[in-house]
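Student: I would like to go through this structure with you and ask, term by term, what stands behind each description.

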Amino acid sequence: MNRLVALLVWSSTLVVPLFFAAVAEAVRGDAPHLPVNGVLFWVTLATSAACIALSRMVPGRVAAVPAGREATAFIRLVSGWALCEGAALFPLVAWIVTDDPRLLGVCAVDLLALVLLFPSEARWESMTPGERIPARR
């Protein structure tokens with residue numbers, strides 16, 4: 001694993017919710033809209049806040065893996081990205097079924113949280129364990 005691979009994976013986690021939003025826009029007019037806008041909005045907001053917080057707390061706590069320092073950094077970064085991507089997709093699904101435009105704002109915040117986890121050289125190094133882990137044979 002190297003930082004270039006991490007950059008490609010990060011890019012895909014950012015692009016998928018955007019493509020999903022385009023699909024959601026195309027199909028939401030045909031979907032029956034549920035009258036739970038208020039409740040689902042607050043559940044979505046709470047879920048997004050929890051996922052964003054976890055995306056900052058969990059990666060540094062992932063144990064080093066025997067595959068090496070770069071593999072550990074990659075796994076740690078992906079765990080944060082996955083939390084943000086899931087957080088970004090949930091409001092889009094809720095938007096399809098409720099047609100509540102506030103959910104697009106929640107999605108935008110989730111995507112911003114993902115953008116801020118860009119795998120820069122400094123972030124890559126911060127996720128790399130300090131000691132060398134022997135590889136399994």
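This is a predicted model: local features need pLDDT of at least 70, side-chain atom pairs count only at pLDDT 80 or more; totals for chains, interfaces and linings use all residues.

Student: How many helices and strands does the chain have?

Tutor: The chain has five helices and zero strands, and from the N terminus on the order is α-α-α-α-α. Helices here are DSSP runs of H or I with at least four residues, strands are runs of E with at least two, and both are numbered from the N terminus.

Student: Why are H1 and H3 called roughly parallel?

Tutor: Helix H1 (residues 3-27) and helix H3 (residues 69-98) pack at an angle of about 5°, with their axes 10 Å apart. The axes are lines fitted to C-alpha atoms, for helices over the stretch in contact, and the angles run from 0 to 180 degrees between N-to-C directions. Angles under 35 degrees count as roughly parallel, over 145 as roughly antiparallel, 65 to 115 as roughly perpendicular and the rest as oblique. An angle of about 5° is therefore described as roughly parallel for H1 and H3.

Student: What classes of residue make up the contact of H1 with H3?

Tutor: That contact of H1 with H3 has 19 nonpolar, two polar and two charged residues. Nonpolar covers Ala, Val, Leu, Ile, Met, Phe, Trp, Tyr, Cys and Pro, charged covers Asp, Glu, Lys and Arg, and the others, Gly among them, count as polar.

Student: What makes H1 and H4 roughly antiparallel?

Tutor: The axes of H1 and H4 cross at roughly 170° and come within 10 Å, and H1 and H4 are therefore called roughly antiparallel. In this pairing, Trp10, Thr13, Leu14, Pro17 and Leu18 of H1 meet Leu111, Leu114 and Val115 of H4, where contact means heavy atoms within 4.5 Å. The residues of the contact of H1 with H4 divide into seven nonpolar, one polar and no charged.

Student: How do you know that Arg3 and Glu121 form a salt bridge?

Tutor: A salt bridge is a side-chain nitrogen of Lys or Arg within 4 Å of a carboxyl oxygen of Asp or Glu, and for Arg3 and Glu121 the N to O distance is 3.5 Å. The pair joins Arg3 in helix H1 to Glu121 in helix H5 (residues 121-127), 118 residues apart.

Student: How many salt bridges does a search of the whole structure find, and how far apart are the closest N and O atoms of Asp100 and Arg102?

Tutor: The search of the whole structure finds two salt bridges, and the closest N and O atoms of Asp100 and Arg102 are 2.8 Å apart.

Student: Why is Asp100 called buried, and which label does Arg102 get?

Tutor: Buried means under 20% relative accessible area, exposed means over 50%, and partly exposed lies in between, with a 1.4 Å probe and protein chains only. Asp100 has 4% relative accessibility and therefore counts as buried, while Arg102, at 39%, counts as partly exposed. Arg3 is also partly exposed, at 29%, as is Glu121, at 42%.

Student: What makes Asp110 buried, and which side chain of opposite charge is nearest to Asp110?

Tutor: Asp110 lies in helix H4 (residues 102-115) and has 1% relative accessibility, so Asp110 counts as buried. Asp110 has no salt bridge, and the nearest side chain of opposite charge, Arg56, is 8.6 Å away; in this count Lys and Arg are positive and Asp and Glu negative, with His and the chain ends not counted. Leaving aside neighbours within four places in sequence, Asp110 is in contact with Ser48, Ile52, Cys84, Ala87, Ala88 and Pro91.

Key: Residues are numbered from 1 along each chain as its sequence is written. Side-chain values use heavy atoms; hydrogens and water are left out.
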